[in-house]
Amino acid sequence: MTPMSKIVVLVTNLLCGFILVFGFYVIVHGHLTPGGGFQGGAVVASACALVVIAYGDKRVKERLSYDAFSAIEASGLIAFVGLGFFGLGATFFYNFLAVERISSLRWLFGAKALIGPNPGDINTGGVIPLLNLAVGTEVLGALSIVLLLMLMTYTPKRGEAEIEESTAGRRAQETGEKHETGGN
Amino acid sequence: MKKTIAFSALIVVFAFFLMAVAKMRPFGEPPMANVSTDWDIKSTKNSTWRSWHDVVNTMVDKDDNNDSEVEFTTRSSKSLVGKVTFASKTSYSGRSWMRINTRGGCWKSSGKIQDSFAGVQVYNKTTHKVAYYLDFPSPVKPGVYEWHRYERKIAINPSDTYSIRMVGIDKWKEHAVAAYWEYLNIEVSGEGQAPQETKFELGERAELEMDDYIIEHCQRETGANNVVTAVVFDYRGFDTLGEATVLFSAVTGVGVLFRRRKRWVKPEEKKQEA
């Protein structure tokens with residue numbers, strides 16, 4: 001899997017941050033706007049896919065580690081189940097933080113929501129934003145892990161392996177192509 | 001790779017800066033949806049008037065004041081249940097009325113006419129009491145249709161939810177009783193500001209109201225504006241746990257499918273091993 005051209009890398013550099021911000025926005029505003037943990041996590045994982053495609057397997061393996069994403073995914077699922085257990089005073093997955101049920105934890109998404117059509121306040125929803133964060137963490141970890149696992153087992157083709165040996169080989173290939181086009 | 005991380009960090013920091021600026025509200029408060037209008041009982045311009053001209057032969061229901069269970073013979077499978085909903089008490093001040101304008105009657109197959117009755121019932125679903133019962137006079141003979149026109153004005157509480165239904169009851173469970181109507185007009189009016197929302201729906205069964213309940217009580221109970229997220233993470237949170245488990249097991253399956261003997265090996269380690 002050779003790294004792609006400079007244009008793709010440049011566009012990835014510019015775009016990746018925006019994709020990450022949009023993904024986290026979808027996760028964090030899940031209780032106010034369309035979207036939620038699953039959707040936002042998928043968007044964040046798409047940024048990971050963009051990096052993998054643009055930079056190629058070799059450089060990605062240097063920076064991104066399978067174990068880190070595995071830990072992220074597992075922590076997301078553990079947080080999700082744990083939040084479910086916290087509500088066990090009433091029922092499993094009880095929304096114990098919402099609408100000032102625990103008045104001392106009002107700052108933790110516990111404010112009362114306005115009734116009727118309104119733009120919404122981020123400090124509402126109780127457990128729902130926290131569950132959104134947990135599921136978003138899990139989904140971004142899971143989908144990135146799928147990508148990285150497929151990258152792990154990737155075996156380069158014959159030509160690619162020689163090209164990837166050194167950057168000099170890459171340069172030679174580029175000049176060769178230029179020479180061919182020039183000749184024509 | 002370094003450039004990507006640096007750019008991402010920069011944009012994230014910038015986004016947090018923008019959020020902080022937005023939190024300070026430099027352009028004033030965000031605009032609220034203005035749903036309340038002036039309401040005058042004399043003018044019907046702002047009032048909600050909806051009429052139906054479906055002829056429903058029978059609508060029978062259980063009388064909630066009556067403790068004894070009563071069986072009915074329905075001549076039509078179509079149930080007709082109206083509902084008047086006021087969304088919020090805060091936007092409303094003053095009294096309000098509901099005017100029922102209907103044409104219908106009571107029908108009975110046989111037997112003692114005095115022991116059976118039918119009519120329009122206005123049922124307060126918030127306090128679970130019958131707010132008003134419009135009694136249709138019993139027909140002179142069994143098996144005879146009598147049409148009467150009724151107009152009633154009743155006081156209602158704007159913060160409560162009302163359901164309007166046709167009721168036919170036979171006291172001794174022996175005979176078929178039916179209340180029938182030709183049309184039913186409901187007009188809701190009041191002093192001061194208008195209620196936020198007036199809803200009247202037909203063709204619903206009174207028992208299946210889970211969806212309506214969630215839509216109406218979502219903001220009060222969970223505090224979340226997004227009803228879908230409230231359902232997914234609050235009302236049906238256990239289901240979402242199952243979905244998350246499915247995703248986790250799917251990733252595990254991919255890991256098994258693409259497994260290698262060696263774990264993740266960085267290129268430097270590879271060189272050292274070689």
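Me: Are α4(A) and α3(B) roughly parallel or roughly perpendicular to each other?
Reply: This is a predicted model, in which local features need pLDDT of at least 70, side-chain atom pairs count only at pLDDT 80 or more, and totals for chains, interfaces and linings use all residues. Residues are numbered from 1 along each chain as its sequence is written, while chains are lettered from A and ligands numbered from 1 in the order in which they are written. Helix α4 of chain A (residues 127-152) packs against helix α3 of chain B (residues 227-235) at about 85 degrees, with axes 10 Å apart. Angles of 65 to 115 degrees count as roughly perpendicular, so α4(A) and α3(B) are roughly perpendicular.

Me: Which residues of α3(B) make the contact with α4(A)?
Reply: Contact requires C-beta atoms, placed from the backbone, within 7 Å. From α4(A) come A:I128, A:L131 and A:N132. Their partners on α3(B) are B:T229, B:A230, B:F233 and B:D234.

Me: Is A:V44 buried or exposed?
Reply: A:V44 lies in helix α2 of chain A. A residue is buried with 20 or more other C-beta atoms within 10 Å of its own, exposed with 12 or fewer, and partly exposed in between. A:V44 has 23 C-beta neighbours inside 10 Å, so A:V44 counts as buried.

Me: Where does α2(A) bend?
Reply: Helix α2 of chain A (residues 37-63) has 27 residues, and its end C-alpha atoms are only 25 Å apart, short of the 39 Å that a straight helix would reach at 1.5 Å a residue. The bend is the angle between axes fitted to the seven residues ending at a residue and the seven starting there. For α2(A) that angle is about 120 degrees, at A:G56.

Technical notes:
Helices (H or I, at least four residues) and strands (E, at least two) are DSSP runs, numbered from the N terminus. The expected span of a helix is 1.5 Å times one less than its number of residues. Axes are lines fitted to C-alpha atoms, for helices over the stretch in contact, and angles run from 0 to 180 degrees between N-to-C directions. Angles under 35 degrees count as roughly parallel, over 145 as roughly antiparallel, 65 to 115 as roughly perpendicular and the rest as oblique. Two residues are in contact if their C-beta atoms, placed from the backbone, lie within 7 Å.
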